[in-house]
Amino acid sequence: MAAPGEYFSVGSQVSCRTCQEQRLQGEVVAFDYPSKMLALKCPSSSGKPNHADILLINLQYVSEVNIINDRTETPPPLASLNVSKLANKARMEKEEKLSQAYAISAGVSLEGQQLFQTIHKTIKDCKWQEKNIVVMEEVVIAPPYQVENCKGKEGSALSHVRKIVEKHFRDVESQKVMQRSQVQPTQKESTLSS
């Protein structure tokens, strides 16, 4: 654990041993003395270049900390944040959550909610109108949300949405088949052992 009055400079290389005897090593990106929280930047566990893992370590659960290379010069300035982009992303995520909450409160079936999510991944202009899914203000999908329930002006938008709906239900069915095939051998085994 960090000794009283001990601080870690941003950019320093440190090594920690957790209470589970795990050794963690990386570059200090942040340290909060009051809460004893240390943030380390480590090489990416995915192996992707230009990526890094950020570990948040509660120093109260660390038995040993060693400073490998102390950074004494002023760290480089933090990258600037695109606040408007972050605010826009937060607004969009809030709208998505409100849309999900609306669907649940309106009594939309689980299949309808799942289809909405599938469509929304491809076409952002997607919303609820009571229990109907409205896509690009051109296509309306009514319960039970099958291909034949897609209504709108014949054209590329309607055709595209129908293909998404068709693929969604094909994927759902293939997942069910896979799940059934994984369960059946277990049932046969239990019958044989009886």
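**View 1. Arg180 and its salt-bridge partner Glu173.** In this predicted model, Arg180 is partly exposed, its relative accessible area being 44%. The side chain of Arg180 meets that of Glu173 in a salt bridge, with 3.3 Å from N to O. Side chains of opposite charge can pair when their charged atoms come close. The pair shown here is from a structure that holds nine salt bridges.

**View 2. The salt bridge between Arg17 and Glu21.** Here the side chains of Arg17 and Glu21 meet in a salt bridge, and the distance from N to O is 3.0 Å. Arg17 counts as partly exposed, with a relative accessibility of 26%, whereas Glu21 is exposed, with a relative accessible area of 55%.

**View 3. The salt bridge between Glu64 and Arg23.** Glu64 forms a salt bridge with Arg23, and the closest N and O atoms of this pair are 3.6 Å apart. Glu64 counts as partly exposed at 22% relative accessibility, and Arg23 counts as partly exposed at 42%.

**View 4. A network of salt bridges around Arg17, Glu21, Arg23 and Glu64**. Returning to Arg180 and Glu173, whose side chains meet in a salt bridge, the reader may set that pair beside a network in which salt bridges that share partners join Arg17, Glu21, Arg23 and Glu64.

View 5. Helix H2, which covers residues 110-122, has 13 residues and reaches 19 Å from its first C-alpha to its last, close to the 18 Å expected at 1.5 Å a residue. Within H2, the residues Gly112, Leu115, Phe116, Ile119 and His120 are buried. Seen down the axis of H2, these buried residues fall within an arc of 135°, and they therefore line one face of the helix. The face of H2 turned away from this buried side carries Leu110 and Lys121, which are exposed.

Terms used: Residues are numbered from 1 along each chain as its sequence is written. This is a predicted model: local features need pLDDT of at least 70, side-chain atom pairs count only at pLDDT 80 or more; totals for chains, interfaces and linings use all residues. Side-chain values use heavy atoms; hydrogens and water are left out. Helices (H or I, at least four residues) and strands (E, at least two) are DSSP runs, numbered from the N terminus. The expected span of a helix is 1.5 Å times one less than its number of residues. Buried means under 20% relative accessible area, exposed over 50%, partly exposed in between (1.4 Å probe, protein chains only). The arc is that of the directions from the helix axis to the C-beta atoms. A salt bridge is a side-chain nitrogen of Lys or Arg within 4 Å of a carboxyl oxygen of Asp or Glu.
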